[in-house]
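Please look over the sequence and the model shown here. The paragraphs that follow walk through parts of the chain.

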Amino acid sequence: MSGYQRITYDPQFKPVRNIYEDRLRQFISKGGDYADLNLPRFYDKERISLDQKHVNVSWYQVPFEEGSNPVSPDKRPSWSSVIEGERKGKLEFKKAHIGQPFGPSWSTTWFKVELRVPSKWVHSGEQLIFEWNCNNEGVVIDPDTLLPATAFSGGERKEYLLPKSNSGEYCFFIEAGNNGMFGCGDGSDINPPDNNRFFHLDSADLVWPDKEARALYIDFWMLGDAARELPDDTWQKQRARQVANEVMDMFDYRDRASVKKCREFLKEAYFDQFLDSPEVYYKGDSQQITSVYSIGNCHIDTAWLWPFAETKRKIVRSWASQCTLMDEYPEYQFAASQAQQFKWLLKYHPDFFNKVLIPKVQQSQFIPVGGSWVENDTNIPCGESLARQFLYGQRFYLRHFGCKSDIFWLPDTFGYSSQVPQICQLSGIDKFVTQKLSWNNINSFPHSTFNWAGLDGSQLLTHMPPGNTYTADSHFGDVLRTAKQNKTSEAYPSGLMMYGKGDGGGGPTREMLEKMRRIRSMSNKNGNVIPKLNVGKSVDDFYADILAKTDNGCKLPTWEGELYFEFHRGTYTTHAELKKLMRFSEIAIHDLEWLATKASVLFPKHCKYPINEINELWEDVLLCQFHDVLPGTCIEMVYKYEAVPMLKEVLKKCALLQAEVLKALNKVGTTDNNTYITTLPWAYPELTLQNTRGHEARIGEDKDSYVLSNSKLQVTICKETGVIVSVLDVLTNAEYIDIKNGRNKAGANQFVLFDDKPLSWQAWDTELYSVNQYKNVTNVKNIKVKSNDAKCCSIEVVFSISDDCEVTTEISLNAVSAESRELSRVDITTNVTNWNLRNQFLKVEFPVNVRSEYASYETQFGVTRRPTHYNTSWDVAKFEVCCHKFADYSDFSKGVSILNDSKYGFSTHGNLMRLSLLRSSKAPDAHADMGSHTIKYAIYPHRNGLSAKTVRSAHDFNLAHRYKVPMAVATKFDHLLSISGDENVILSNIKRGEDDKALNSEYSLKPREETSIIVRVYESLGGEAHATLKLNLPLHKVLKVDNLESKVLVPLEVSKEGLVPIHLRPFEIATYKFIF
């Protein structure tokens, strides 16, 4: 024991852990009492603030008149026009000063920056920085190349690394948008915006930084986090705290050289030698499992708390910053989704797209992912819309990047339809990443890595990042949570960390990349208590690792059916006008394609298929399906100036293009004998005086009620309450309304106001407690016979909701024929005048004489069943669900279907069916849903369980447009394409093939000298089915293809008569390409 002292003369104490741990924050903090006695003293070697000598800044305000359209193009002029205008003296740039305000909200300010660097700084050869903070968003633009260099966004992104210059002179421009990363919310980001907000210039500094001091800042930050966040029972935690305190003791605020000494000590004591290098990711124990894979992203919401117009600038700002980082950090990989955003970039900044971004894609640093047009909502769009999201998204990627994505990238959508897996598989995608279910407010989703199986059994290899965010800051805690919160670690031990500033864009920062190098360095040195983090592996590499370690996914758990999001249930209803326009737009394009396809192949000399015009219409529709736009959670500006006008324009253009087709058809045949056609794949029931005789509609009346009847139904309406108290099948004597049991004993078509004050997120949420806080609308102002003839009879009821808001509802019953009476239904048209309430939710109820454990709700290309009870917390969570054209509640002998023309929120519990009509949330849009609304829905009572009759009735109710054409044309239209066989097979959509060379589609990949029709069918009810397609034209061949129309799945046999037998699995979606 030579060296061990036998007698102590210098006793030591055991450090008090919490005191020594709390001390650590002092060392790197710029605040507090001791900043100038700690490391911040040395962050800069020298700094020159705006002095109009070394740092000269002038500004120009783009005109922005109060009350003008804030998204019009003149508010965001092109870069070239402003820079050219300044050079020619056409624009006046004025001197700027620190503290100066710029605004108002949503306006644009340009800055010209001229720097003259002191010669001593230049001769040092060290990296110099321009630090800019105007607390808004901006981008640095080279005036000679018009290429962006980097972006500014306030606190987290305010440095521009100046390129080397022997002269020390610089000149560049900054385009600044006067909004924050999260818009201009008044008091809170998600409040309605303050449209008169100004942004102050806090700094415009030329900086000579101390590289070593700033590196030590990152070293010590990560070391301190290890000391705070590692488990208490690990030596690595105790050692981190001890080493950090030794660094603080070693540091001398009087001696800059002590910074380097501290760094050298850390490389020996806790980090390895590669903490500053990309080599760090190739060091350490190669046998140790990588706990955390990472990928950079910036998740730019295509609109949310800002308009589309601002997103177009967010894209170039964010992606320019990322491309700059890629030059500095060769390990860095960044994923970006949404083909729409790439297309905007190509349109507005083609040089950046082609000269900067494309090379980064080719170098596998900038990775296009997702495959969809936007990161879309998957609850509300129709099935064809979901299919087109991928058709256009994937084809855009293939055209411009030479590859498609095999990963559906959708981190932030409010629930996931049960048909998403099948549509993805049909679009070349077999992997899925999201994390939104971590927001569930009732149940915790049980998996991190799993197989998600849809309605037909198609599955996606799915990962939900265990860190429960897609915008991690790459903190030590983010890495630790990703490693420790893995819910499926028994099957797969690793997790994906998606890092980077997001929602408002931005993406990863230098700081994040430096932090991750340090974390990996600590892991290399100290073992896997500090998770082994990888930067440089792609998302594809991550999924390949999953497959390799789980027997190609076979060892992973499976989740069947929809991924229901237990939060944001109000999004099925908020912003009713946009949802209605979306439904109508989807139908209008469906009809346009149906008419134009048939006309262009039957009469090619007279009618050309307007493929590019149709594709442009689809692009606008798909854009408005972005997951904050269609759900109704954007600021008012998005709806007032962009989305609503955009969809109205879609309807207008569809009508014009349809009119052009019909005009061409009228030239083909004589107009002496015209008839009407529809775009339904079955015969539309025509009612005449002859076939309705004995089945006419009638009205009866006594002192208590009105009675509407035909040969199938008898509908009784109470005069006192104005609601339907009976719907009777006169043939079977079956009663469909139950007013004896349950909480609604009044009747059907009962309007109810629910209190709607969620805990937060007003436009998004409606909460469980609201279900039992309601008031029936009972103030009947008037009830009268509205119409009374043999074709249709109706009763009009007017209810008062408030002094200046009322509901007028017309209940009608049509005549039927012997052939159509099984489809008889009660049609209801409801007008809500001056809806102006606050935090009230209007619904309409139907108490029905049905009892079953489940109700069925139409979803995309199929049906989703959901419980009508509250047995478990998972059942309770589904107190409000999404449906499309119908909801059905049936037992063995009978059922009731509620059809609608524009609604998506529904619930069925006990004996009560309830359709959601209107909300009145006040944030982020203070005027959401205010105004007048027309809503159509119907009660369809039927025998037995859910059948194709409901599916077809819902189509009839929605696709009711009739088009006038010559009789000869109608005959050819009807005979061109037909389907026969099982009634549960629905011929959904037809269109022309994208690769028909003569059409010259913008999305064509391999133009072919052929004429083709794409036919989409689906099995609608969940049973194996057989059908036959027939095309009355000479066929070359028929192929079953994928959704992208590019991959042949199966060639089909065609009989001499042109018959094509098809076989479908339950809920299968099938696409056929007829080539002739």
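Between which two elements is the place of Asp551? Asp551 sits in the loop between α15 (539-549) and β22 (558-560), where helices (H or I, at least four residues) and strands (E, at least two) are DSSP runs numbered from the N terminus. Although Asp551 is not a glycine, its phi is positive, about 55°.

The model is predicted, so to read it note that local features need pLDDT of at least 70, side-chain atom pairs count only at pLDDT 80 or more, and totals for chains, interfaces and linings use all residues. Residues are numbered from 1 along each chain as its sequence is written, and side-chain values use heavy atoms, with hydrogens and water left out.

Two cis peptide bonds can be looked up next. One runs from Gly103 to Pro104, with omega near 5°; Pro104 lies in the loop between β4 (101-102) and β5 (108-116). Another joins Ala923 and Pro924, with omega about 5°, and Pro924 is in the loop between β42 (912-918) and β43 (931-943).

The domain assignment of the protein chain, whose bounds come from an automatic or database assignment, lists domain 1 (17-42 + 213-270), domain 2 (44-209), domain 3 (292-557), domain 4 (572-668), domain 5 (687-959) and domain 6 (976-1075). Separately, the unreviewed UniProt entry places "domain: Glycoside hydrolase family 38 central" at residues 566-646; UniProt positions follow the numbering used here, feature names are shortened, and annotations may be inferred rather than shown by experiment. That span, 566-646, is 63% helix and 0% strand, and its end C-alpha atoms lie 31 Å apart.

Now take domain 5 and domain 6. Their centres, taken over C-alpha atoms, are separated by 36 Å. Ten residues from domain 5 and eleven residues from domain 6 make the contact (heavy atoms within 4.5 Å). Together the two domains bury about 900 Å², 70% of it on carbon and sulfur atoms; buried area is the accessible area (1.4 Å probe) that two parts lose on being put together, summed over both. In domain 5, the most area is lost to domain 6 by Phe861, Ala948 and Arg952, together 58% of what that side buries.

Across this interface of domain 5 and domain 6, zero salt bridges are found (a side-chain nitrogen of Lys or Arg within 4 Å of a carboxyl oxygen of Asp or Glu). On the side of domain 5 that touches domain 6, β37 (862-867) and α20 (948-958) are the elements that give two or more residues. The largest share of that side, four residues, comes from α20.
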